[in-house]
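Work through the exercises below with the model open. Try each task before reading its solution.

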Amino acid sequence: MTVLRSALFMLLLSVTTVLIVLALLCVFWLPTRQRRLFVMPWIHFVMWLMRHLLGIETRIEGRENIPAVPCVILSKHQSAWETFALQTIFSLTSFVYKKELHWLPFFGWGLKLMPFVGIDRAAGKAALNQVAERGRQRLAEGYNVVVFPEGTRVPPGQKRRYKIGGAYLAVAAGAPVVPVALNSGECWRRQAFLKTPGTVTVSIGPAIDPAGRTAEEVNDLAERWIETEMQRISPHRYRHGAQHAETEAPTRSAA
């Protein structure tokens with residue numbers, strides 16, 4: 001049954017992705033915010049499929065910690081699940097992502113039509129400036145900017161180096177940082193076809209005020225809160241004490 005449900009989900013996701021991107025191309029002339037809102041019914045539909053077809057429920061903790069002003073969201077990243085879910089938890093989100101995704105048929109085209117922050121991760125220091133410049137613009141426009149500081153999907157119980165780009169943006173813009181811990185990888189593993197029923201816990205931490213702090217300090221505070229919270233929501237992944245060793249090479253971009 002899990003195989004059948006996963007196959008049907010991927011089929012529906014693929015078909016509706018093509019349809020929503022084609023619809024977006026037809027309304028490319030709309031203002032940016034209107035295009036962003038245009039895709040939200042599809043996002044909610046995908047979340048509905050995850051719940052009713054795949055059996056993946058959502059538990060949200062700490063919703064009261066979401067600021068009333070635009071913020072920088074530093075989130076754990078374990079699967080594609082949160083790329084949909086965070087859009088329904090936080091209003092008007094803008095994601096920081098690698099520009100290479102633009103080459104993907106349909107999905108990449110849709111990204112280009114969204115008010116997101118595409119960066120060249122191979123640009124080193126310039127990538128930080130890209131995040132700061134474009135991210136500040138999105139914050140000023142009222143968007144919450146989502147950054148996955150580990151830079152990629154990381155299996156449950158493991159971690160990679162937290163890149164400083166999101167914290168750098170928060171300090172530059174004077175925007176609060178909201179750390180988010182989640183365990184979506186328990187139901188939807190990285191690059192896995194099979195999705196298993198279960199409940200994903202999303203824990204939203206207290207906002208971190210960047211005033212008087214360096215980007216390094218903000219990044220460290222967010223990392224410590226997220227990784228400590230991960231041990232609480234997924235204790236079975238940390239029974240042997242210390243977390244798994246980091247797997248990321250030190251030459252990756254700081255953004």
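**Exercise 1. Strand β3 and its partners**

Which way do β3 and strand β4 (residues 117–119) run, and how many bridges join them?

Solution. Begin with the ground rules. The model is predicted, so local features need pLDDT of at least 70 and side-chain atom pairs count only at pLDDT 80 or more, while totals for chains, interfaces and linings use all residues. Residues are numbered from 1 along each chain as its sequence is written, and side-chain values use heavy atoms, with hydrogens and water left out.

Step 1. β3 and β4 run parallel, joined by three bridges. Two strands pair if DSSP finds at least two bridges between them. Helices (H or I, at least four residues) and strands (E, at least two) are DSSP runs, numbered from the N terminus.

Step 2. K98 stands opposite I119 in β4.

Step 3. β3, helix α5 (residues 107–112) and β4 form a right-handed β-α-β unit. Right-handed means that, with the strands pointing away from the viewer, the path from the first strand over the helix to the second runs clockwise.

Step 4. Look for another partner. β3 also pairs with strand β5 (residues 144–147), in the parallel sense, over three bridges. Here S94 stands opposite V145.

Step 5. Five of the six residues of β3 are buried. Buried means under 20% relative accessible area, exposed over 50%, and partly exposed in between (1.4 Å probe, protein chains only).

**Exercise 2. Strand β6**

Solution. Step 1. Six of the six residues of β6 are buried, so the strand is largely enclosed by the rest of the structure.

Step 1. Sort the side chains. In a regular strand they alternate between the two faces of the sheet. V177, P179 and A181 point one way from β6, and V178, V180 and L182 the other way.

Step 2. Take the parallel partner. Strand β2 (residues 72–75) is joined to β6 by four bridges. L74 stands opposite P179.

Step 3. Take the antiparallel partner. β6 is joined to β7 by three bridges. L182 stands opposite V202 in β7.

**Exercise 3. The nonpolar cores**

Solution. Step 1. A nonpolar core is a set of buried Ala, Val, Leu, Ile, Met, Phe, Trp, Tyr and Cys residues joined through side-chain atoms within 4.5 Å.

Step 1. Locate its centre of contacts. The largest core has 42 residues, and those with the most contacts inside it are F9, M50, W81, F84, F90, V180 and V202.

Step 2. Assign the elements. At least two residues each come from α1 (2–26), α3 (40–52), α4 (81–89), β3 (93–98), β6 (177–182) and β7 (198–204). α3 gives the most, with seven residues.

Step 3. Inspect one member. Beyond four places in sequence, V202 touches residues including I60, W81, I89 and V180. Contact means heavy atoms within 4.5 Å.

Step 4. Note the second, separate core. This one has 20 residues, among them I119, L169, A170 and A175.

**Exercise 4. Helix α7**

Which residues of helix α7 (residues 165–173) are buried?

Solution. Step 1. The buried residues are G165, G166, A167, L169 and A170.

Step 1. Identify the cover. It includes β2, α6 (125–140), β5, β6 and α8 (215–233).

Step 2. Look past the helix end. G174 follows α7, with a positive phi near 70°.
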